Amino acid sequence: MKDLCEKRALSLSLLQEKQKLLEALVNGYTWENVREGLEQLGKKQSILFRLLERFPGYYGRYFSLHFAPYLNEPIRTEAQKKAFDVIVSYLDQVDISIPEDIRRYLEDVETEFDPAVMEKRDAAMREAIADPGRFVKDNAEMLRQYEKAKASEEYRATPAFRLQELIAQMNRKNGYCDTFIPAMCELSNSYREYHDRLLKANEAFLQAYRASDLQHRVFKTDD
């Protein structure tokens with residue numbers, strides 16, 4: 001039921017984008033530009049719906065929100081067209097199995113899911129990776145406490161930790177890191193730029209803490 005509501009909400013959002021394009025046609029846009037925009041929206045919908053369907057609960061909703069801003073670019077080159085086909089094929093074939101106890105945890109988390117909060121979280125991440133050195137310097141103590149908590153036995157005993165490890169393991173096995181992310185970088189220039197900044201931010205964090213025992217990644221890279 002929740003997935004159906006999410007798909008309806010996504011359909012409504014995309015319909016509003018289509019209406020804006022048609023209004024632009026009335027206001028002087030050429031039909032060629034509008035047609036290209038409509039085709040792009042169709043491909044965006046194809047990817048976002050599959051993310052909702054293939055990734056369980058909270059993660060499907062988060063991935064849909066996370067990747068949506070990077071799917072607004074027209075697909076013009078052969079490389080982009082191939083990348084789109086790779087993404088669709090990957091999402092059609094990916095198989096994610098969640099143990100029942102973790103699934104119940106996901107259902108509990110979903111009740112607190114707030115798209116506005118997730119969008120603010122993504123915005124905060126983009127701001128942090130724009131200047132990772134300053135972020136690490138300004139938040140050094142908070143980062144130490146965060147890493148200390150993540151390394152604790154108490155955290156490792158939680159469903160949240162088990163889910164994180166399960167998703168990471170599945171992503172390594174199902175091609176998310178080796179297939180989906182590289183294809184997204186090829187499809188979307190803005191996503192490739194974001195991903196490159198994310199990798200550089202992670203390296204900046206590792207350099208800042210290389211001499212300490214806090215070696216985990218603070219900036220969670222998509223791969």
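1. Arg76 and Glu36 form a salt bridge, with their closest N and O atoms 2.8 Å apart. A salt bridge here is a side-chain nitrogen of Lys or Arg within 4 Å of a carboxyl oxygen of Asp or Glu. Arg76 sits in the loop between α3 (57-67) and α4 (78-93) and Glu36 in helix α2 (residues 31-54), so the pair ties together parts that are 40 residues apart in sequence. Helices (H or I, at least four residues) are DSSP runs, numbered from the N terminus.

2. This is a predicted model, in which local features need pLDDT of at least 70 and side-chain atom pairs count only at pLDDT 80 or more, while totals for chains, interfaces and linings use all residues. Residues are numbered from 1 along each chain as its sequence is written, and side-chain values use heavy atoms, leaving out hydrogens and water.

3. Arg76 is exposed, with a relative accessible area of 54%, and Glu36 is partly exposed at 22%. Exposed means over 50% relative accessible area and buried under 20%, with partly exposed in between (1.4 Å probe, protein chains only).

4. A salt bridge also joins the side chains of Asp92 and Arg50, at 2.7 Å from N to O. This pair links distant parts of the chain, since Asp92 is in helix α4 and Arg50 in helix α2, 42 residues apart. Asp92 is partly exposed, at 43% relative accessibility.

5. Lys81 pairs with Glu78 in a salt bridge whose closest N and O atoms are 3.6 Å apart. The two are three residues apart in helix α4, so about one helical turn separates them. Lys81 is partly exposed at 38% relative accessibility, whereas Glu78 is exposed at 58%.

6. By this rule the count is six salt bridges.
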